[in-house]
Amino acid sequence: MAFHSILFERTEDSMKTETVEAPGFFLDLNLDQVIDAIVAGKQEYNLKPFFYTSLGDIDAIKYRQEIMRDLENEVLFEDIKSFSEKMRSMRANLAIADKLYYEYQKERMFLDAISIYCDAVNCLVHDLSLVDLKSRGFLAFRAYLANYAESSPFTSLLAETKKLIDDLLSVKYCLLIKSNSIVVRKYESEIDYSAEVEETFEKFKQGAVEDYRAEYSDSLTMNHVEAGVLDFVAQLYPDIFSTLDDYCAKNANYLYETISVFDREIQFYVAYLEFVAKFRRAGLKFCYPQISNECKEVFDFEGFDLALANKLINENSSIVCNDFYLKDKERIFVVSGPNQGGKTTFARTFGQLHYMASIGCPVPGRKARLFLFDRVFTHFEKEERINNLRGKLQDDLVRIYDILNQATPKSIIIMNEILTSTTLKDAVFLGKKIMKKIIQLDQLCVFVTFIDELACLSEKSVSMVSTVVPENPALRTYKIVRRPADGLAYALSIAEKYRLTYDHLKERLKS
Amino acid sequence: MKAFLMYRDRDFDLQRELPLNEPALTQDLELNRLLNAMALDDKFLFEVARKAVLSSLSDLDTIVYRQNILEDCLKNSSIVKDIYDIAVESIESKKKHFYWFFGRHPSPSSLLHASVGVIQMLVGFLKKLKNIAEEHANKFESAGFTTFFAMLNKELEDEYLARVQDHLRELKFRNGVLMSAELGRGNKGINYVLHKPQDQKQSWLERIFASWLEQIFAKKTPAYTFRIANRDEMGARALSELRGKGINLVANALAQSADHILSFFNLLRTEMAFYVGCLNLHDHLAKKGEPTCFPLPVAPGERRERFNGLYDVCLSLILKQRVVGNDVSADDKDLVIITGANQGGKSTFLRSIGLAQLMMQCGMFAPAESFCANICDGLFTHYKREEDVTMSSGKLDEELSRMSDIVDNVRVNSLLLFNESFAATNEREGSEIAGQITSALLEKRIKIFYVTHLYEFAHGFYDQRMENAIFLRAERQADGGRTFKIIEGAPLETSYGKDLYNNIFRTDN
């Protein structure tokens, strides 16, 4: 199969337009932070659109997973890095050529850029030939690249470039500076006088001494005296410099688009794997999830919130992983328990895992099976907006209504602490109504709530509870466990600490 | 070029770290008195003496190497001082010559100009040194001086000095700066290399002949000339920058060479400073009629301590009259315990041991008629101190903490001087602590001198009749008078504090 793109196997899958707008739920799931961290330092590739577009097709996801797996081979990864490095340096040369004023300088930078490009292509062809590749994407690309490197436009470009560079390197000239004039002529094997002086004084060498060499800026721009000298040098070597002129005119469009597109698109994988490496160094696990568009019995073991973990690693703090699974008819996680115990983090993790899986990336966890959703809807508690004339409760309900209207049975819904702006009675009532809708639609859902009653509404819901250290309820474990929602567990442990439980009180009141 | 007057094959490093217990040693042995006598108010001499005395040598060969050089110095003190003065003068003149560079980054042109001047001047001083070498070398016998003079003669041959002069003249670039370059990134010139301009020492006839030949045979290689217009200041700057690139390396090489020659003089000054310090001290003692001798060092593994007329040099330096010397023969002993009368000269004796050891191990003479001791690998002092002013720890606590620091650093064949240590508690406990520490140190093969009042401790060791222990006592005459002599003798139960009391309170009937 002919190579088309390293991100999309088939032309018709390609992104029609590259969106610069993150999906709506990014902010709630902290995916904006995650993607920012992934693409940090790679702005020049403009990778965000790739991360903003989820794939709707299992095979398209597998295409990327295969490539990602190939790239986990450190050898291949380094090969690609070195290729990108060269392409980057090629672009840097072109940018400089653009800024320089004197023609011979522009031409030399252009020549160097092409030389780097040829080297990048040849090295990659060679490197790829030594690697065991399995992915459809890389196999097709390898064939394409090998073919290109052997094509006559490329081989003759390479030969011309090499010859011209060698010629320029062989240029050596002499300057005689006396009062206000410079004489420029060819070099005639005069001896190095500095070395001779140095040698004469060699015997006095003691230890290290100060370096008195004046430093000259290594800027490439030349002043008119240097430019004048260069013009004379060109006159001393007329053949070389006229060849240089012709070469530049002829090869203005040397760069093949497929290759420059590959250079950009492969960064999607490189960026993500570099991001993953940071977590792996901290002992966290990643896996390639099994993706299904039928089975909703999803699970993930030892998962974590990418955004939070990224922050914690930077602070050198430890990270708590959590497990979840849904089996049989279970569809909904109802998460309750003490605040600051990791409930929101759990909800975000669920959303992040599904989203990252949908763009073909490995996800946090030891083992995972995830659902291929059509859309993700999130509803997180928001600050009240002044310019919004509706009351907060009304606002909540409008948004939930919109979500439920747009959602299909293949959608994922994540609700976080909604309905807090009303009485408990109202909240229970409304909560049950909303839950019933979700249950009806058979959607996958995480529902973070303070309303215990919602946990056991149906066989479709699973109760998850954030936990505390029994001896010291002030300490959170950040573990979210499958357990009936009993608001009491938390209250009881505090009571125990103050010896105010029934048993304690009996004991204390005995005497 | 190296002076090698402190070590056979390396430089004396003034930056070298002193042993960690340097403050204790300085304080306990009152070292600064010794160093002041060597320095005679010269800060540099003081610093060198301090470093040399405190960084003890541990190899016999180097000690003897320095002893021989010092012997030469004693015989030829005025020549030695001349050499020292040349070194000092050269350093001073460079400072005068170069002071205007401080804090600036000179251009290669001005750097080169100044360096040519400095080297011209330094070469003058080198010639002076060489003259001394030619004139006086035969008066010196030590390996150190012989090698030093031979080195001066060899390295500063006339032919070589003439070559240096040639370069200094050439580097004024009367015929312009000739350099080659290649094309670097962006076709900008790189690898500027300076080349020798045409030799101008030809006679006019040769020159005419050469140019005539050139015209006939030389392939006319094209040359293009670029002239900077008179008002083109940017151009003039660019031209001088280009010239700077050409002479950058040679200017650097020359400035560095000036530094190197100067550091040779610095080194010479530093190494000579030690001997000048020794001469100063020797003068002082000789005028008083105090004896000095070259000590006989013995390998560290052995145990030697044998001397005649060993006196406390620091005490002598502050007294008008001569001080009492002691004779001891304590070969093959690891432990020397000194007991006896207060004010009987025990502390002075202990200090004289420490000072003589340090003086021996830096290659100096010893304050004695004769002195032989084994080299020690580290000298440590543990002296009773005044009450801790900070009140942060109890006195015994403080003593033990210092002891613990010593234990962290002590090694096989170290020498440890205890003065009234662990007496801050009652005698029984103090003795127990002192006994346990001493026994452990002895088993580690550490040599110990212990001045103590702790009778139980001293007697405990005496009763063991150890072959490697010796007991000394401050002498006390029958009438209670003190001779300040230390003699061999078993520990006595009282330290004659009563005498002292009586003496001071005049209750003796």
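Q: What covers the buried residues of α3(B)?
A: In this predicted model, the cover includes α1 (22–28), α2 (31–39), α10 (233–288) and α12 (346–361) of chain B.

Q: Which residues of α3(B) are buried?
A: A residue is buried if 20 or more other C-beta atoms lie within 10 Å of its own. In α3(B) the buried residues are Leu45(B), Val48(B), Ala49(B), Arg50(B), Lys51(B), Ala52(B), Val53(B) and Leu54(B). For chain B, 42% of the 509 residues count as buried.

Q: How do strands of a sheet pair?
A: They pair through backbone hydrogen bonds, either parallel or antiparallel. Here, five strands form an open sheet with antiparallel pairing, in the order β2(B)-β1(B)-β1(A)-β2(A)-β3(B).

Q: Why is one side of β2 and of β3 of chain B left without a neighbour in the sheet?
A: β2 (189–195) and β3 (223–227) of chain B stand at the edges, and each has a single partner strand, so one side of each has no neighbour there. From one strand to the next, the twist averages 25 degrees.

Q: How many bridges join strand β2 of chain A and β3(B)?
A: Five bridges, in the antiparallel sense, pair β3(B) with β2 (residues 181–186) of chain A. Ser181(A) has Arg227(B) as its bridge partner in β3(B).

Q: How many helices and strands does chain B have?
A: Chain B has 16 helices and 13 strands.

Conventions. Residues numbered from 1 in each chain as written. Chains lettered and ligands numbered in written order. Predicted model: local features only at pLDDT ≥ 70, side-chain atom pairs only at ≥ 80, totals over all residues. Pairing = 2+ DSSP bridges. Helix = DSSP H or I, 4+ residues; strand = E, 2+ residues; numbered from the N terminus. Axes fitted to C-alpha atoms, helices over the stretch in contact; angles between N-to-C directions. Buried ≥ 20, exposed ≤ 12 C-beta atoms within 10 Å, placed from the backbone. Contact = placed C-beta atoms within 7 Å.
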